[in-house]
Amino acid sequence: MLVNLNKLRRLSWLELRKLSQAAVVLPLIGLGLGCLGFRRLAGALGRFSGRGRQTAVASAEAGPGLILLTCRMLTLAAGHGPYRPTCLVRSLALWWLLRRQGVAADLHIGIKPSGESLEAHAWVSFKGRILNDLGDAPERFTPFPAVTPNPDFCR
């Protein structure tokens, strides 16, 4: 426990802010997913991303360092917090946090047969690069077209 506190103290203010955001957003998105379902929650997140018109220019302004920092802090919160989110919750949270920064990231959901059932997996990409998973997710899971949550889903 003492080692974790020392590591926490070494984080910059920006890292602490991103870690705090992730620690709050992950369980809220998990709760929203359970209460609203994917379609309505994704629509609400799209509406409240704060930036309805993300562009590649806005994404470039956010900078690759900020994108990677957001990914790292979300992964840290997901792995060490009291709430253990699924890949869908982690991906929705990352997608939403990046959109709030002006990054036009894509949310992907894929499936693969597993015996008599299907396995599903979610991940986020930006400019074709997978941000929160191994790069082989599209080979392991057959992806649906990139999900662009629409605020009209909420209606």
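**Close-up views of salt bridges, core and sheet**

At a relative accessibility of 30%, Asp136 counts as partly exposed; this class lies between buried, under 20% relative accessible area, and exposed, over 50% (1.4 Å probe, protein chains only). The model is predicted: local features need pLDDT of at least 70, side-chain atom pairs count only at pLDDT 80 or more, and totals for chains, interfaces and linings use all residues. Residues are numbered from 1 along each chain as its sequence is written, and side-chain values use heavy atoms, with hydrogens and water left out.

**View 1. Asp133, Asp136 and Arg140 are linked in a network of salt bridges.** A salt bridge is a side-chain nitrogen of Lys or Arg within 4 Å of a carboxyl oxygen of Asp or Glu. Asp133 is partly exposed at 23% relative accessibility, and Arg140 is partly exposed at 33%. Side chains of opposite charge can pair when their charged atoms come close.

**View 2. A salt bridge joins Arg72 to Glu15.** The closest N and O atoms of this pair are 2.8 Å apart. Arg72 lies in helix H5 and Glu15 in helix H2 (residues 13-36), so that distant parts of the chain, 57 residues apart, are linked. Helices (H or I, at least four residues) and strands (E, at least two) are DSSP runs, numbered from the N terminus. Arg72 is partly exposed, at 45% relative accessibility, whereas Glu15 is buried, at 15%. A search of the whole structure finds 3 salt bridges.

**View 3. Thr70 is a buried residue of helix H5 (residues 64-80).** Thr70 counts as buried because its relative accessibility is 2%. Its side chain reaches the backbone oxygen of Leu66 at 2.9 Å. Leaving out residues up to four places away in sequence, Thr70 touches Lys18, Leu94, Leu97, Leu98 and Gln101, where contact means heavy atoms within 4.5 Å.

**View 4. The largest nonpolar core has 30 residues.** A nonpolar core is a set of buried Ala, Val, Leu, Ile, Met, Phe, Trp, Tyr and Cys residues joined through side-chain atoms within 4.5 Å. Ile29, Leu98, Val124 and Leu131 have the most contacts inside this core. At least two of its residues come from each of H2, helix H3 (38-47), H5, helix H6 (87-100) and strand E2 (117-126). H6 gives the most, with 8 residues. Beyond its neighbours within four places in sequence, Leu131 is in contact with Ile67, Cys71, Leu94, Leu98, Val124, Ser125 and Phe126. In soluble globular proteins, nonpolar side chains tend to be buried together.

**View 5. An open sheet is formed by 4 strands in the order E3-E2-E1-E4.** The pairing in this sheet is antiparallel; two strands pair if DSSP finds at least two bridges between them. Strand E3 (129-130) and strand E4 (142-143) stand at the edges with a single partner strand each, so one side of each has no neighbour in the sheet. E2 and E3 run antiparallel and are joined by 2 bridges. Ser125 has Ile130, in E3, as its bridge partner. Strands of a sheet pair through backbone hydrogen bonds, either parallel or antiparallel.

Methods. A polar contact is a pair of N or O atoms within 3.5 Å; within protein, one must be able to donate a hydrogen and the other to accept it, and residues adjacent in sequence count only if both atoms are side-chain atoms.
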